[in-house]
Amino acid sequence: MGSLQTSANLSCLCVSVRGGVQGFSTVVRQVGFNSWLLQGRIRSRKIQSLCVRSSFNNAGGSSSSEEKGLLLGAERDSSGSVVGFQLIPHSVTGDATIVESHDIVADDRDDLSEDAEQKEKPPTKLTFNIIFVTAEAAPYSKTGGLGDVCGSLPVALASRGHRVMVVSPRYLNGGPSDEKYANTVDLDVRATIHCFGGPQEVAFYHEYRAGVDWKYTALAIRYLWTTLLIADLERHMVIFMVHLVIIRLLAAKYRPYGVYKDARSIVLIHNIAHQGVEPAATYHNLGLPPEWYGALEWIFPTWARAHALDTGETVNVLKGAVAIADRILTVSQGYSWEITTPEGGYGLHELLSSRKSVLNGITNGIDVSDWNPSTDEHTASHYSIRDLSGKVKCKTALQKELGLPIRPDCPLIGFIGRLDYQKGVDIILSAIPELMQDDVQFVMLGSGEKQYEDWMRHTENLFKDKFRGWVGFNVPVSHRITAGCDILLMPSRFEPCGLNQLYAMRYGTIPVVHSTGGLRDTVKDFNPYAQEGEGEGTGWTFSPLSREKLLDTLKVAISTYIEHKSSWEGLMKRGMERDYSWENAAIQYEQVFEWAFIDPPYVR
Ligand SMILES: Nc1ncnc2c1ncn2[C@@H]1O[C@H](COP(=O)(O)OP(=O)(O)O[C@H]2O[C@H](CO)[C@@H](O)[C@H](O)[C@H]2O)[C@@H](O)[C@H]1O
């Protein structure tokens, strides 16, 4: 960890050992918000210097990057007199000055690390400038898990001292009547970008909330690279990309002119089934130079083409990002392996395998203040690990709200999610007739494919006392289902991370999940005999994904609920006491940022 910190710190601090500056190879510690104590050798003289970066912003913008990129190091003799100065170029634009330094040439002992002051101070903490570019960020916009993650991970990183900006579109819902945007200000900046066959005007809005700069672009089109115009105001940052085309724009439009040349890009894959594939003819809409076409080019195999004249030629946004990002992240470790296999890679497995050395998985956290059973504003009652009594009140209130028989002891099973192939809705559909023979209740909340929405309405009519299908997207209802159910079913075919099982465990609702991706990583199988009979585990995982396996596993869960109340309570409590906060994940993200700065930019 220490050596990684040092290398990354040098990059972050704009003191590049790779740039040929011998000596300032170690950051002893950060001694202020923008100042660091460096040590090392210059021409065999031992130097210790205090470096101060006066600003992250390059507001003036008049001087050259070389002028901006200098550190001034003063060398002193043993009496403390200045005997010379060192101009230390750094590779990233920014204002930096050394205000104090000590030449300790007389002291030949390698004892810098034993400096008494150093012992008192905490170790160097790196801070980064991070821009998230995302199609969704809750609470402003959310159609699924992407919105959740991009609404809370930036806040977690900001609370750890990083400077974080989120850039996202302001959709049509973000009009004056939308309370979520009540605190935003129009920056009164109108920029013109050239894409989609002509000039497009973009308006920018801003809000500073929870330590994060939230910026929104009002533009009729969803393509977010336009938002890099905002980023244009910034310099020397880690650029953190979410699933988009900006990395190519970086390389094609900015780096040739020295801008962002030391920034790093990271693509975070939330779901590889959604790659942003468009007909090849749309490439010119992106405003990228023709020579970059190859990075996005994607040709479907013959069997996947629609008809005899279909050449299969497309542009694939995610493929381009994977090909040239500095690092690649997914939202769980299990999924980071799955996408390198033919079964899980959706055609990108070979490309991803070739970049395995920069591919990592970090399990998502959740917003633990929004999803908190002891304070949840959407639920009928509150409860906690110390007092679970409120949970049954949430259950009966949910039964009442849905018009189901109010039966506290009847196992209540829930499903929340997009109604599509990924979520295994077809497996639920095939299992429901048999499941409805048992004394259970089942509630589904979701929207998506019409065939499944129709099936939910139809099934509700068939099993009036047992089944409810809520067609639509409703966040308060999703909280009430999570709190009120005993079991949450997630038979996802694949699941990069999955958030609902995390919400469920935090609410003492036991997940029954297909053993895949993030579900396998986060749900630990119940074993009643472990821990000298105390039991372990937080739910059930099953594999393979089949109707029979799903039914078998659900039936084991149901009989445990009915017959082994103390085991059930153990399951609930083990799930509830786990740490789901973003803090853990944020620490791992910092590690990846550090790794990103160890290597030079992948595309120059
Ligand atoms: N009808 C409805 N009404 C109200 N709320 C609803 C809803 N349908 C879904 N939601 C909510 O949307 C979110 C869905 O998140 P998931 O992680 O389960 O899946 P999603 O596939 O969208 O995300 C992708 O990105 C996330 C984030 O990285 C990964 O966890 C995941 O595996 C990947 O597929 C949850 O907050 C859920 O409660």
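This is a predicted model: local features need pLDDT of at least 70, side-chain atom pairs count only at pLDDT 80 or more; totals for chains, interfaces and linings use all residues.
Select the ligand and its shell: 29 residues surround it, and the closest are Asp 148, His 270, Arg 418, Glu 495 and Gly 498. Residues are numbered from 1 along each chain as its sequence is written, and side-chain values use heavy atoms, with hydrogens and water left out.

**The ligand shell**

Show polar contacts next (pairs of N or O atoms within 3.5 Å; within protein, one must be able to donate a hydrogen and the other to accept it, and residues adjacent in sequence count only if both atoms are side-chain atoms). At Asp 148, a polar side-chain atom lies 2.5 Å from an oxygen atom of the ligand. Gly 472 places a polar backbone atom 2.8 Å from a nitrogen atom of the ligand. At Pro 496, a polar backbone atom is 3.3 Å from an oxygen atom of the ligand. On its own the ligand has 710 Å² of accessible area, of which the protein covers 97%. Accessible areas come from the Shrake-Rupley method with a 1.4 Å probe; for residues, only the protein chains shown count as cover.

Now colour by secondary structure. Helices (H or I, at least four residues) and strands (E, at least two) are DSSP runs, numbered from the N terminus. Two or more shell residues come from each of helix 4 (145-159), strand 20 (441-446), helix 14 (475-484) and helix 15 (500-506). Helix 4 gives the most, with four residues.

Select Gln 441, which is found in strand 20. Gln 441 counts as buried because its relative accessibility is 1%; buried means under 20% relative accessible area, exposed over 50%, and partly exposed in between (1.4 Å probe, protein chains only). A polar atom of the Gln 441 side chain lies 3.0 Å from the backbone oxygen of Pro 405.

Then select Asp 439 and Arg 407, whose side chains meet in a salt bridge (2.7 Å, N to O). The two are 32 residues apart: Asp 439 is in the loop between helix 12 (425-435) and strand 20, Arg 407 in the loop between helix 11 (389-402) and strand 19 (412-416). Asp 439 is partly exposed, at 42% relative accessibility.

The structure holds 18 salt bridges, each a side-chain nitrogen of Lys or Arg within 4 Å of a carboxyl oxygen of Asp or Glu. Lys 423 sits in the loop between strand 19 and helix 12, and Glu 495 in the loop between strand 22 (487-490) and helix 15, so the pair ties together parts 72 residues apart in sequence. Both Lys 423 and Glu 495 are buried.

Next, select Arg 493 and Asp 426, another salt bridge (2.7 Å, N to O). Arg 493 is in the loop between strand 22 and helix 15 and Asp 426 in helix 12, so this pair ties together parts 67 residues apart in sequence. Asp 426 is partly exposed, with a relative accessible area of 24%. Finish with Glu 434, Arg 547, Glu 548 and Lys 555, which salt bridges with shared partners join into one network.

Key: A residue is near a molecule or strand if one of its heavy atoms lies within 4 Å of it.
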